[in-house]
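User: Can you walk me through this one? I have the sequence and the model up.

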Amino acid sequence: MNTLKQQNLPAPRACALGIANPITGDRVRMTNHHWTFSISEMARNLGVSKLNVINDFTALALAIPSISPAQLVQVGGQHALDFAPKAIIGAGTGLGVSGLFPVKAGRDQWVAIAGEGGHASLAAHNETEYRVIE
């Protein structure tokens, strides 16, 4: 394995990590595993001045603007709007969800909304819905 040093490349000053877990503070406790870590301690151990740890589906949502329109699926309406809210949904350790919302027209700036769809509950309205939930 080639290292950055072997390639005469500088060490990064900052890095980011997408992880299948809610991120609510410095201490990350994996939902479906016994692993736990401190974001600030990991940054020190990696020697970086900034370490962003975000939910994996939030990371995927942030990538949506770089995906070609042919790779996206239009849901609702006749035509996709270039600068309109976007959603990402998929299987992971649970149900992964995130949204991407426009914040500045003309500059195509976006904000991602983190979510944990697999940690949500449904309220049954009838016996059939109750059986589906069960």
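User: What is Ser98 in contact with, leaving aside its neighbours within four places in sequence?
Analyst: Ser98 is in contact with Phe57, Thr58, Ala61, Lys86, Ala87, Ile88, Ile113 and Ala114. Contact means heavy atoms within 4.5 Å. This is a predicted model: local features need pLDDT of at least 70, side-chain atom pairs count only at pLDDT 80 or more, and totals for chains, interfaces and linings use all residues. Residues are numbered from 1 along each chain as its sequence is written, and side-chain values use heavy atoms, with hydrogens and water left out.

User: Which strand does Ser98 lie in?
Analyst: Ser98 lies in strand β6, residues 95-104. Strands (E, at least two residues) and helices (H or I, at least four) are DSSP runs, numbered from the N terminus.

User: Is Ser98 buried or exposed?
Analyst: Ser98 is buried, with a relative accessible area of 8%. Buried means under 20% relative accessible area, exposed over 50%, and partly exposed in between, with a 1.4 Å probe and protein chains only.

User: What does the side chain of Ser98 reach?
Analyst: That side chain of Ser98 reaches the backbone oxygen of Ile113 at 2.7 Å.

User: And Gly99, which residues does Gly99 touch?
Analyst: Not counting residues up to four places away in sequence, Gly99 touches Ala61, Lys86, Ala87, Val111, Ala112 and Ile113. Gly99 is in strand β6. Gly99 counts as buried, at 9% relative accessibility.

User: Switching topic. Where is Ser38?
Analyst: Ser38 sits in strand β3. Ser38 is buried, at 7% relative accessibility. Beyond its neighbours within four places in sequence, Ser38 is in contact with Asp26 and Arg27.

User: What polar contact does the side chain of Ser38 make?
Analyst: The Ser38 side chain makes one with the side chain of Ser40, at 3.1 Å. A polar contact is a pair of N or O atoms within 3.5 Å; within protein, one must be able to donate a hydrogen and the other to accept it, and residues adjacent in sequence count only if both atoms are side-chain atoms.

User: How does the lining split by class?
Analyst: The lining has 15 nonpolar, 3 polar and 2 charged residues. Ala, Val, Leu, Ile, Met, Phe, Trp, Tyr, Cys and Pro count as nonpolar, Asp, Glu, Lys and Arg as charged, and the others, Gly among them, as polar.

User: What about confidence, where is it lowest and where highest?
Analyst: Confidence is lowest in β5, at a mean pLDDT of 85, and highest in strand β3, residues 36-38, at 96. The chain averages 86, and 93% of the residues score at least 70. pLDDT is the predictor's confidence in each residue, from 0 to 100.
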